[in-house]
Amino acid sequence: MTNIDYEALEREYAENGEECTGNCAGCSADCGKNQVTPKYAKRIFAVLSGKGGTGKSVVTALIANALAKKGLNVGIIDADIAGPTMHLLYGLEGLADSDEKQIFPMETANGVKLLSMGNVYDKPESPILWEGKQLAGGAQFFYTEAKWENIDVLLVDMPTGLGDVPLQMYTVIPFDGAIMVCTPDALCDYMAIKSINLCKMVMIPPLGVVENKVAIPCGHCGQVSTLGSDPAEHAEKLGLPMAAALPYDVELAIMAELGRIAEYECPDIEPLADTLETLIKEA
């Protein structure tokens with residue numbers, strides 16, 4: 001994974017102006033380096049995690065399902081080009097259609113529009129051996145060269161951690177905010193704080209933390225055991241509001257494995273969906 005030199009970034013941004021952060025989206029300065037792309041949705045949110053294994057893609061799908069249930073037109077970009085999984089969660093097979101100009105997002109069982117490398121690359125068993133800039137270019141292609149029509153909210157399932165791909169996407173796609181997905185443990189904290197600070201550097205507001213896998217019920221007696229620290233305290237440690245706290249759910253794991261996550265309802269994600277809906281309607 002590429003190590004980001006924050007001091008070098010700050011120096012580069014300083015060359016563009018005193019208040020430049022490197023995020024061209026929403027910037028009116030005529031510095032000659034503006035790379036703003038059009039906005040294809042009323043709101044665009046990044047869903048990210050500091051490390052792998054947090055369940056970020058599943059959480060992205062749960063947020064999308066909740067928003068689609070509200071009657072919103074929802075899109076998802078699976079930006080993990082080398083390790084796509086979103087198409088598997090929704091059970092989408094085959095390749096996405098395209099013409100000479102654009103690629104067309106596929107549609108899930110509950111009406112969510114989705115683009116994933118799993119529906120573009122026709123060799124699913126072969127690794128994608130691309131370098132950082134190629135991976136970033138592929139992820140941006142799903143935004144700039146896709147036919148996103150009448151989309152209220154676009155969720156971008158970001159690659160895990162830091163590196164070329166998220167950095168370049170943050171400075172090109174006009175994100176309205178970021179949602180951090182964490183598990184309540186110190187290992188996650190270490191990278192989550194770095195990811196949160198990177199968002200702040202490029203002026204993408206972190207909206208809150210989804211604490212995932214915070215508890216697990218016993219399969220025999222039903223007693224719930226908490227995992228790690230208290231979710232609210234953990235979110236406070238990260239300096240963000242707790243957007244949701246999700247227990248480990250065997251039914252969810254089964255539905256995801258079967259490619260039927262569109263059928264799963266998650267009441268615990270509803271408060272976050274309500275907040276995002278308000279932001280979308282204000283756009």
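Colleague: Where is the place of N65?
Modeller: N65 sits in helix α2. Keep in mind that this is a predicted model.

Colleague: Is N65 buried or exposed?
Modeller: N65 is buried, because its relative accessible area is 8% and buried means under 20%.

Colleague: Which backbone oxygen lies 2.9 Å from a polar atom of the N65 side chain?
Modeller: The backbone oxygen of I261.

Colleague: And which residues is N65 in contact with, leaving aside its neighbours within four places in sequence?
Modeller: N65 is in contact with Y90, N110, I261, A262 and Y264.

Colleague: What does Y90 touch, not counting residues up to four places away?
Modeller: Y90 touches A61, A64, N65, I76, T108, N110, L114, G259, I261 and A262. Y90 is also among the residues with the most contacts inside the largest nonpolar core.

Colleague: How many residues does that largest core have?
Modeller: The core has 84 residues, and besides Y90 those with the most contacts inside it are I63, L67, Y170, F175 and V210. The largest share of this core, eight residues, comes from α2.

Colleague: New topic, the sheet. In what order do the strands come?
Modeller: Eight strands form an open sheet in the order β3-β4-β2-β5-β1-β6-β7-β10, with mixed pairing. At the edges stand β3 (106-107) and β10 (242-246); each has a single partner strand, so one side of each is left without a neighbour in the sheet.

Colleague: Which helix packs on the sheet and touches β1, β2, β4 and β5?
Modeller: That is helix α4, residues 132-144, and its direction makes about 160° with that of β2. Helix α6, residues 186-201, packs on the sheet too, touching β1, β6 and β7. The direction of α6 makes about 180° with that of β6.

Colleague: How many bridges join β6 to β7?
Modeller: Five, between β6 (residues 177-182) and β7 (residues 206-212), and the two strands run parallel. As an example of what faces what, A178 stands opposite P206 in β7.

Colleague: Back to β2. How many of its residues are buried?
Modeller: Five of the five residues of β2 (residues 74-78) are buried, so the strand is largely enclosed by the rest of the structure.

Colleague: Which of them point one way and which the other?
Modeller: V74, I76 and D78 point one way from β2, while G75 and I77 point the other way. In a regular strand the side chains alternate between the two faces of the sheet.

Colleague: What is β2 joined to?
Modeller: Five bridges join β2 to β5 (residues 151-157), running parallel, and three bridges join β2 to β4 (residues 113-115), also parallel. I77 stands opposite V156 in β5, and the bridge partner of G75 in β4 is K113.

Colleague: Last one, helix α8. Which of its residues are buried?
Modeller: In α8 (residues 250-257) the buried residues are L252, M255 and A256. They cover an arc of only 100° around the axis, which puts them on the same side of α8. The face turned away from that buried side carries the exposed residues V250 and E257.

Colleague: What covers the buried residues of α8?
Modeller: The cover includes α2 (56-69) and α3 (86-89).

Colleague: And what caps the N-terminal end of α8?
Modeller: D249 does, with a side-chain oxygen 3.0 Å from the backbone nitrogen of E251. Just after α8, G259 takes a positive phi of about 75°.

How values were computed: Residues are numbered from 1 along each chain as its sequence is written. This is a predicted model: local features need pLDDT of at least 70, side-chain atom pairs count only at pLDDT 80 or more; totals for chains, interfaces and linings use all residues. Side-chain values use heavy atoms; hydrogens and water are left out. Buried means under 20% relative accessible area, exposed over 50%, partly exposed in between (1.4 Å probe, protein chains only). Helices (H or I, at least four residues) and strands (E, at least two) are DSSP runs, numbered from the N terminus. The arc is that of the directions from the helix axis to the C-beta atoms. Contact means heavy atoms within 4.5 Å. A polar contact is a pair of N or O atoms within 3.5 Å; within protein, one must be able to donate a hydrogen and the other to accept it, and residues adjacent in sequence count only if both atoms are side-chain atoms. A nonpolar core is a set of buried Ala, Val, Leu, Ile, Met, Phe, Trp, Tyr and Cys residues joined through side-chain atoms within 4.5 Å. Two strands pair if DSSP finds at least two bridges between them. Axes are lines fitted to C-alpha atoms, for helices over the stretch in contact, and angles run from 0 to 180 degrees between N-to-C directions.
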